[in-house]
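Me: I would like to go through this model with you. Shall we begin with the ground rules?

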Amino acid sequence: MIEAPEPKLPPIMVRYTDNLKNQIAEISNQFEDDVRIKLAGEQLKIFPANSDIHRDITKYLTDGKIEFYVITPKNQRPLKAVLKGLPVSYFADEIATGLAELGLKIDQVRQLTNLKTKAPIPVWQIVYRKASENNKIFEMVDRESLHKYLSTLAAEHDSKVSRTAIETLLTIHRNILLHEENVKYRTINRDNPKFIEVVWSVLPARQFMKKSGWISVDNQIFFNSDERLVDIIEVILEHRNVQPEEREWVESSKVVVKNEDKVREEGLRKKAAIQREKELAEFMKDKEYREDMARKAKQEIQSDRKRRDQLYGPGNMNNFLLYFVFH
């Protein structure tokens with residue numbers, strides 16, 4: 001009997017930090033030839049040899065409270081889309097029935113709600129089954145256009161604006177990837193002042209989101225392109241190398257945030273400097289005292305020598321000794 005080969009396992013993604021060195025070394029030693037680790041940018045890709053090793057490693061990371069995620073392969077991900085334009089009074093079951101009549105295989109239809117009022121809005125999230133009949137409703141992501149918008153962002157705006165917009169876009173799309181079933185991560189309120197400032201008011205960033213599959217309904221925008229998500233994240237990662245401009249680092253605009261370790265270290269250095277100054281002051285005081293004592297002793301010796309020479313003549317040591325013996 002020939003057993004079917006085990007499907008290819010997705011890598012386990014872990015953000016690389018200095019604190020992870022020991023854990024990664026422990027994983028390598030524990031699983032030896034059953035795991036392969038590769039550094040990809042600022043992420044570590046862990047490739048387990050089989051599903052059992054995959055389960056053991058994710059348990060190890062979970063127990064160690066190390067943040068990680070697993071990218072579900074495209075052929076295993078459900079297809080998701082957003083449907084709009086129908087009256088808000090339509091029920092999800094009615095829409096599911098209508099789509100099924102069109103030959104589409106549906107897993108779920110869910111009506112979205114307003115983030116503030118929680119009232120239903122005329123937008124439905126459709127989850128399709130993994131079937132060839134459903135693949136035709138998606139188009140491949142236009143990576144060239146996405147690259148163009150991010151390149152324009154870096155060219156037309158200063159580096160601080162560009163970096164902030166790119167990092168925000170990356171966070172938004174990564175959150176969707178990490179929380180596939182949570183609809184709140186694929187819904188953004190356009191009235192959010194922070195979002196308006198760093199993304200929506202920046203034209204190339206707004207164009208990027210629309211091209212990526214974000215659609216506008218009332219005062220909200222929704223993401224409906226799960227099949228494109230990994231490609232979108234990869235494009236954003238390729239544009240994270242925006243360097244700060246020199247004018248960003250002038251004293252008037254430079255903001256330095258010190259961490260607790262550095263603050264504590266600076267405090268210890270100041271205390272050590274004060275102690276050294278105190279010890280130096282005591283040393284100088286003692287030195288002056290010793291020099292004064294030496295000066296007085298020298299003066300007394302010179303005075304004694306002068307008196308000896310006056311009484312017994314220069315260089316007459318014997319008479320000098322007799323003077324001290326009999327006087």
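Reply: Helices (H or I, at least four residues) and strands (E, at least two) are DSSP runs, numbered from the N terminus. The model is predicted: local features need pLDDT of at least 70, side-chain atom pairs count only at pLDDT 80 or more, and totals for chains, interfaces and linings use all residues. Residues are numbered from 1 along each chain as its sequence is written, and side-chain values use heavy atoms, without hydrogens and water.

Me: How many salt bridges are there in the whole structure?

Reply: The search finds 8 salt bridges, each a side-chain nitrogen of Lys or Arg within 4 Å of a carboxyl oxygen of Asp or Glu. One of them joins R55 to D52, with the closest N and O atoms 2.6 Å apart.

Me: Why are R55 and D52 separated by about one helical turn?

Reply: Both belong to helix α2 (residues 51–63), and they are separated by about one helical turn because they are 3 residues apart there. D52 is partly exposed, at 41% relative accessibility; that class lies between buried (under 20% relative accessible area) and exposed (over 50%), with a 1.4 Å probe and protein chains only.

Me: And which parts does the pair R240 and E167 tie together?

Reply: The closest N and O atoms of R240 and E167 are 2.8 Å apart. R240 is in the loop between α9 (229–237) and α10, while E167 is in helix α6 (residues 159–178), so this pair ties together parts 73 residues apart in sequence. R240 is partly exposed, at 26% relative accessible area, and E167 is partly exposed as well, at 31%.

Me: What about R295 and D292 in helix α10?

Reply: They form a salt bridge, with closest N and O atoms 2.8 Å apart. In α10 they are 3 residues apart, about one turn of the helix. Elsewhere, salt bridges that share partners join R143, D231, E234 and E238 into one network.

Me: How many residues lie between β6 and β7 in their hairpin?

Reply: There are 6 residues between them, and K118 in the turn has a positive phi of about 65°. Strands β6 (residues 106–113) and β7 (residues 120–128) pair antiparallel over 6 bridges, with V109 opposite I126.

Conventions
Pairing = 2+ DSSP bridges.
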